[in-house]
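Please open the model in your viewer and keep the selection panel at hand. The tour below goes from one selection to the next and says what is there.

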Amino acid sequence: MATAFVFAGGGSLGAVEVGMLAALTEAAVHPDLVVGTSVGAANAVWFAANPSDVEGLASRWTSLSRTDVFPLRPVQGLSGLLGFRDHLVPNSSLRRLLERSLGDLDLGRTALPAHVGATDVLSGAEVLLSSGTAVDAVLASTAIPGVFPPVLLGERYLVDGGAVNNAPVSHAVDLGADEVWVLPTGYACALTSPPRSALGVALQALTLLVNHRLTLDVERYRDRVRVVPALCPLKVSPGDFSQSRKLISAAHESTRAWLAAGCPAGQVHTCGAVEIPGQ
């Protein structure tokens, strides 16, 4: 029986998946393959290359700041708004970050088979990347439309896989998984006001939009899907990278408790997990 871990997108809330991953591996739940979209693609590929070093992934998350991923530059941002560029934020900083973490890794040569979801910006088709340079694949999967530029791979311009399938359960099933463990980032369900930045609002809206697809896929594949409960109530916006350590710790605690309770299958937990201390 093949087991897959599916890593969803969600900006800075990708830190939640690291805590979930730590609890799962501690409980000897190990995948035969991984599938990831958007920030989940970055987590999935790193884990596929280093399946015994979740601590290393946690260290990378806790050292991140917003400018490492979203280095806002007013002139370029204005050029994007005026139509002189196809994006608001250059992806050069994100590429350097991925190159430091993944090097020249090829998707076809990871310790665990790794698959990355992206979207063809011209046709709207889902694209599953299973070979080629990992940095390019993850850069494409994390290219939030309008925020980052599309990434040209082969003859396709690719953007964030979350635009059409944020938690690619269907891909995991098509790849032969009999058991699918979904690691969702969740979304900031307890904000008292919108995020202050335009980027924060865009990320919040995207996470709300794509959560609906996960609900549909879990219903469709109810007999083989287990969804790790997301953190709730959650007040951290998907553009805030300052809370990674707390997110990892809270998700670790929550997932351990869920596993101890028998982790019921075929459910999307919208609330009921632990609240992050100090929010």
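**First stop: an enclosed helix**

Select helix H7, where the buried residues are Ala134, Val135, Ala137, Val138, Leu139, Ala140 and Ser141; buried means under 20% relative accessible area, exposed over 50%, and partly exposed in between, with a 1.4 Å probe and protein chains only. Because seven of the eight residues of H7 (residues 134–141) are buried, the helix is largely enclosed by the rest of the structure. Helices (H or I, at least four residues) and strands (E, at least two) are DSSP runs, numbered from the N terminus.

This is a predicted model, in which local features need pLDDT of at least 70 and side-chain atom pairs count only at pLDDT 80 or more, whereas totals for chains, interfaces and linings use all residues. Residues are numbered from 1 along each chain as its sequence is written, and side-chain values use heavy atoms, with hydrogens and water left out.

Axes are lines fitted to C-alpha atoms, for helices over the stretch in contact, and angles run from 0 to 180 degrees between N-to-C directions.

Next, step to Ser38, in the loop between E2 and H2. Its phi is near 55°, a positive value in a residue other than glycine, and at 7% relative accessibility Ser38 counts as buried.

**Move to H1 and H3**

Select helix H1 (residues 15–26) together with helix H3 (residues 54–62), which pack at an angle of about 165° with their axes 10 Å apart. That angle makes H1 roughly antiparallel to H3. Which residues of H1 meet H3? Ala15, Val18, Leu21, Ala22 and Thr25 in H1 meet Val54, Leu57, Ala58 and Trp61 in H3, and the residues of this contact divide into eight nonpolar, one polar and no charged.

From H1, go on to Ala28, in the loop between H1 and strand E2 (33–37). Phi of Ala28 is near 65°, again a positive value in a residue other than glycine, but Ala28 is exposed, with a relative accessible area of 56%.

Select Thr119 in strand E3 (residues 114–120), which at 4% relative accessibility counts as buried. A polar atom of the Thr119 side chain lies 3.0 Å from the backbone oxygen of Asp160. Not counting residues up to four places away in sequence, Thr119 touches residues including Gly124, Tyr157, Asp160 and Val164.

Lastly, select Leu97 in helix H6 (residues 92–102), which counts as buried at 16% relative accessibility. With residues up to four places away in sequence left out, Leu97 touches Leu64, Asp68 and Val69. Leu97 and Leu64 are 33 residues apart in sequence and 9.4 Å apart in space, C-alpha to C-alpha.

Key:
Parallel < 35°, antiparallel > 145°, perpendicular 65-115°, else oblique. Contact = heavy atoms within 4.5 Å. Nonpolar A, V, L, I, M, F, W, Y, C, P; charged D, E, K, R; others polar. Polar contact = N/O pair within 3.5 Å; in protein donor to acceptor, adjacent residues only side chain to side chain.
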